[in-house]
Amino acid sequence: MGWGTLSCRIKPLTVLSTFSWGKTSWYLSREGKVWSEDHPMNEEIYGKPDDPLVVIDESMPPPIKASSKNQGSVMDFNYDLDDYSSMIKELTEIELPGEVQSLRVYREGGMGLASLYIKKENKGFLTVIIDRDKNLHSQISAVNELLSSGVKFRSGEIVDASYGDKIVVKGLSD
């Protein structure tokens, strides 16, 4: 009996985005798989990621389903992929007077929050805090209206829209 041939095609995962968690950068695929920047396949296929825009804080549940024995492997994403990707897309595509430099996803006081670090057009910076559990569009619209109203903000101020009925502006000295 002769042996036949076996052919195999390997299709790389399609990278949806990268994020930082636990002092490591991670790749997230469209298929909901996650692997670290140190994975051996990165050198040939993906390279090293740029500094990720999204930082998942240690206050959040782990974004990967991992145990100590599968470190270095491709793992499942621990969050709902559609919810996560639509939230990140909405928060990074908002029209604010400046460019989003970083997006931190975290929990504080039982609330799911996001903090956007924005480099303003006049070279200053501003931090905007959004409640992820509430309507993102209405919070973003209210912040955008405030920022576009002509009110002058000092570099380093925090615009906190996580309250239900108001926006609080905190200065560096507050």
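## Basis of the assignments

Helices (H or I, at least four residues) and strands (E, at least two) are taken as DSSP runs and are numbered from the N terminus. On that basis Arg-9 falls in the segment before S1. The model is a predicted one, and the descriptions that follow should be read with that in mind.

## The segment before S1

Arg-9, placed ahead of strand S1, counts as exposed because its relative accessibility is 84%, and the cut-off for that class is over 50%. Its C-alpha atom is separated by 24 Å from that of Phe-77, a residue that lies 68 residues apart from Arg-9 along the chain.

## Strands S1 and S2 and their loop

Strand S1 covers residues 15-21 and strand S2 covers residues 24-29, with Lys-23 in the loop between them. Although Lys-23 is not a glycine, it has a positive phi of about 65°, and with a relative accessible area of 86% this residue is exposed.

Is Ser-29, by contrast in topic, buried or exposed? Ser-29, which has its place in strand S2, is buried, since its relative accessible area is 0% and buried means under 20%. When its neighbours within four places in sequence are left aside, Ser-29 is in contact with Leu-13, Thr-14, Val-15, Leu-16, Trp-35 and Leu-81.

## Helix H3

Helix H3 is made up of 12 residues, 136-147, and reaches 16 Å from its first C-alpha to its last, which is close to the 16 Å expected at 1.5 Å a residue. Its buried residues are Leu-136, Gln-139, Ile-140, Val-143 and Leu-147. These residues lie on the same side of H3, because they cover an arc of only 95° around the axis.

On the other side of the helix, His-137 and Glu-145 are exposed. The elements that cover the buried residues of H3 include helix H2 (81-92), strand S9 (125-131) and strand S10 (158-160).

## The largest pocket

The largest pocket has a volume of about 210 Å³. Which residues line the largest pocket? The lining consists of Pro-97, Lys-120, Glu-121, Asn-122, Leu-126, Leu-147, Gly-150, Val-151, Lys-152 and Phe-153, and by class it has 5 nonpolar, 2 polar and 3 charged residues.

Notes. Residues numbered from 1 in each chain as written. Predicted model: local features only at pLDDT ≥ 70, side-chain atom pairs only at ≥ 80, totals over all residues. Heavy atoms only, no water. Buried < 20%, exposed > 50% of the residue type's maximum accessible area, 1.4 Å probe, protein only. 1 Å grid on protein atoms, 1.4 Å probe; cavity = no way out; pocket = protein on both sides within 12 Å on 5 of 7 lines; lining within 4 Å. Points joined across faces, edges and corners; volume = space filled by probe spheres on them. Nonpolar A, V, L, I, M, F, W, Y, C, P; charged D, E, K, R; others polar. Expected span 1.5 Å × (residues − 1). Arc of directions from axis to C-beta. Contact = heavy atoms within 4.5 Å.
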